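Please walk me through this protein model. Start with one residue, then widen the view to the whole chain.

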Amino acid sequence: MSTRTLADHGTLSRYKHHGCKCDVCRAGYCTWQRTRYRRRGYGTWHPFVDAQPIRQHILALHGSGMSFASIAQAASMHEATVTGFIYALGKRAPVKKRATPEIAAKILAVKSDPMLSGWVDATGTRRRIQALAANGWPMGALAAAIGVNSGTVNRMTRQVRVFAATARAVAAMYTRYATASPQDHGVELWKIERTRRAAQAKHWPDTVWWEDMGHIDDPDFDPVASERRLGRDELAAVRRAEVEHLASYGYEAEEINKRVDIALSTIRAILTELRTGQRRDRTKAAA
């Protein structure tokens, strides 16, 4: 819980909010009242500022990983003061629309603390999980590998940021499982096929595709646009490389067909080329 020191004698806070009626506090309150009346007469009395910039700043800090308690502590105020800009704290305490300039200045001065947040871009994490799913790895199996529940892994496929430790755990898991068969690790075949179908429906590239294309951690790289840019011959070369890569791990045509969106006859023809060293006539249908 965050703490704050008691306001000094002679301040408005000590008089109004802490009920101190000593001579110093009474004198301070009278001075404040005279200043208020005078400035109101001049039209320069602006005791409050709009809370929207404060609210946006708090949300940005919270989005970077700082808790509301951490923000309050950094601003030297109670947590309820901070959360009051985000949530209604009761029927008599709706979401704040205004704040004093002093409170605004303290909150707006708080900077994101990387040591508290530890958040990183989730692009690579998201794509690695999606690619493993395209290979047939169910979310439950991936969750067990990194020590979280399957719901958490599902959310990672949509998140914008993740903890750095989570990103490292997913990257290590990806290295272990990218070329591994889920069935060899005890995953039931029906779960593998169901996961692949779901990934295909969402157009998630598999691990072979990412190995060929690279840029798995690059948020500016657009897989969909990149796929569209491939001409017929280029796409054929990429697909051939996919088949050749999987064949190098001992997969037969039927197993490769489950992993990549290529006709079984084409896969068999490519495997025949690899074994014989002779390229087939592409003007004829693959046998």
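**From one residue to the whole chain**

Thr 81 counts as buried because its relative accessibility is 14%. Buried means under 20% relative accessible area, exposed means over 50%, and partly exposed lies in between, with a 1.4 Å probe and protein chains only. Thr 81 sits in helix α5, residues 79-83. Helices here are DSSP runs of H or I with at least four residues, strands are runs of E with at least two, and both are numbered from the N terminus. Setting aside neighbours within four places in sequence, Thr 81 touches Lys 96 and Ile 103. A contact means heavy atoms within 4.5 Å.

This is a predicted model, in which local features need pLDDT of at least 70, side-chain atom pairs count only at pLDDT 80 or more, and totals for chains, interfaces and linings use all residues. Residues are numbered from 1 along each chain as its sequence is written, and side-chain values use heavy atoms, with hydrogens and water left out.

Now take Val 24. This residue belongs to helix α2, residues 23-42. Val 24 is partly exposed, because its relative accessible area is 49%. Its contacts, leaving aside neighbours within four places in sequence, are His 9 and Gly 10. Gly 10 is 14 residues away along the chain, yet the C-alpha atoms of Val 24 and Gly 10 are separated by 5.0 Å.

Helix α11 comes next. It has 14 residues, 164-177, and should span 20 Å at 1.5 Å a residue; its end C-alpha atoms are 20 Å apart, so the two agree. The expected span is 1.5 Å times one less than the number of residues. The buried residues of α11 are Ala 164, Ala 167, Val 170, Met 173, Tyr 174 and Tyr 177. They pack against strands β3 (119-121) and β4 (161-163). Their helical partners are α8, α9 (139-146), α10 (150-156) and α13 (207-213).

What does the whole protein look like? It has 17 helices and 4 strands. Of its 287 residues, 37% are buried. Among contacts between residues at least 6 apart in sequence, 63% join residues at least 24 apart. The protein exposes about 17200 Å², and carbon and sulfur atoms supply 53% of that. Accessible areas come from the Shrake-Rupley method with a 1.4 Å probe.

Finally, confidence. pLDDT is the predictor's confidence in each residue, from 0 to 100. The mean is 81, and 87% of residues reach 70 or more. Helix α8 (residues 123-134) has the highest confidence, at a mean of 94, and helix α7 (residues 114-117) the lowest, at 52. Over residues 282-287 pLDDT stays under 50, and the model has 6 contacts beyond four places in sequence for them.
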